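Subject: Handover of a structure, with notes

Dear colleague,

Please find below the structure I promised to pass on to you. My notes on what was found in it follow directly after.

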Amino acid sequence: LKWFLKAAEQSSSTNAQCNIGLMYENGQGVNQDYKEAMNWYLKAAEQSHITSQYNIGVLYKNGYGVNKDYKEAIKWFLKAAEQNFANAQNNIGFMFDNGLGVDQDYKEAIDWYSKAADQNHSDAQYNIGVMYNNGEGVNKDYKEAIKWFMKSAQQNNILAQYNIGLIYLNGFVGEGDVNKEAIKWFMKSAQQNNILAQYNIGLIYLNGFVGEGDVNKEAIKWFMKIVL
């Protein structure tokens, strides 16, 4: 913190100002203080520092150190998004998706998610998959959903991996033994401690959809992971 302060005071270094903000936000080397974090983010954001603009949006979105204000959050996300900051674009998509500070607009949401997804943003790719899966702002299309979930899952997004498993388990895509394909994706998610994935693996074994011999033991093993 001492050296960030020197840099921030001597040269108005926006990176140093942002890093001081992060340290106050996260309580690293100082007592956690969201208001002090906001003060430092503002110093950098007023000089068009993208990450600081985004971080201010997050503070307003969550009500950390300020009253929760979705409209103010969007204002700051837009400043960062206009500089092509993927996290901000994804958050704006989320706000339109859920009607936070704006009228709910699925098409506008998918437009913003797409801007972030084009930069390989895992959460945005997942969110597009959800919209195709649910038919929100687009026609319901499980093949298109799984395409976007796959992009996200390849970056180890546990929810994307889990949703791919669900699509196969429900027989919405695929041919032949879809249970094996389902359990493959549930396994990837379960290995990252996704309880729902672990539960579904247990059910698949319990119902005898995969496996040989005493599948009940395998089912119990997965159910035990949840309760222990």
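A residue is called buried here when its relative accessible area is under 20%, exposed when it is over 50%, and partly exposed in between, with a 1.4 Å probe and protein chains only. By that rule N179 counts as buried, because its relative accessibility is 16%.

Before going further, please keep in mind that this is a predicted model, in which local features need pLDDT of at least 70 and side-chain atom pairs count only at pLDDT 80 or more, whereas totals for chains, interfaces and linings use all residues. Residues are numbered from 1 along each chain as its sequence is written, and side-chain values use heavy atoms, with hydrogens and water left out.

Overall picture

The chain has 13 helices and 0 strands, where helices (H or I, at least four residues) and strands (E, at least two) are DSSP runs numbered from the N terminus. The radius of gyration, taken over C-alpha atoms, is 22 Å, while a compact globule of 228 residues would have a value near 17 Å, the globule rule being 2.2 Å times the number of residues to the power 0.38. Along its principal axes the C-alpha trace spans about 70 × 40 × 25 Å, and buried residues make up 43% of the 228 residues. If contact is taken to mean heavy atoms within 4.5 Å, then 40% of the contacts between residues at least 6 apart in sequence join residues at least 24 apart.

Helix α10 and its surroundings

Helix α10, residues 158-169, has 12 residues and reaches 16 Å from its first C-alpha to its last, close to the expected 16 Å, the expected span being 1.5 Å times one less than the number of residues. At the start of α10, a side-chain oxygen of N157 comes to within 3.0 Å of the backbone nitrogen of L159. After the helix comes G171, with a positive phi near 75°.

Which residues of α10 are buried? They are A160, Q161, Y162, N163, I164, G165, I167 and Y168, and their cover includes α8 (122-134), α9 (142-153), α11 (178-190) and α12 (195-206). Y168 deserves a separate word, since, together with Y205, Y168 touches the most other members of the largest nonpolar core, which has 63 residues; such a core is a set of buried Ala, Val, Leu, Ile, Met, Phe, Trp, Tyr and Cys residues joined through side-chain atoms within 4.5 Å. Not counting residues up to four places away in sequence, Y168 touches I146, M150, V173, G174, V178, E181, A182 and W185.

Two further buried residues

I204 is found in helix α12 and counts as buried because its relative accessibility is 1%. Leaving aside neighbours within four places in sequence, I204 is in contact with L169, I183, F186, F209 and V210. By contrast, the C-alpha atoms of I204 and N19, 185 residues apart along the chain, are separated by 47 Å.

Salt bridges

The structure holds 4 salt bridges, each defined as a side-chain nitrogen of Lys or Arg within 4 Å of a carboxyl oxygen of Asp or Glu. One of them joins K75 and E72, with the closest N and O atoms 2.8 Å apart; these residues are 3 apart in helix α5 (residues 70-81), and so are separated by about one helical turn. Another links E181 and K184 at 3.0 Å, N to O, both residues lying in helix α11 and again 3 residues apart. E181 is partly exposed at 25% relative accessibility, as is K184 with a relative accessible area of 38%. E218 and K221 also form a salt bridge, their closest N and O atoms being 2.9 Å apart, and both lie in helix α13 (residues 215-227), 3 residues apart. An α-helix has 3.6 residues a turn, so residues three or four places apart point the same way.

With best regards

Conventions: Polar contact = N/O pair within 3.5 Å; in protein donor to acceptor, adjacent residues only side chain to side chain.
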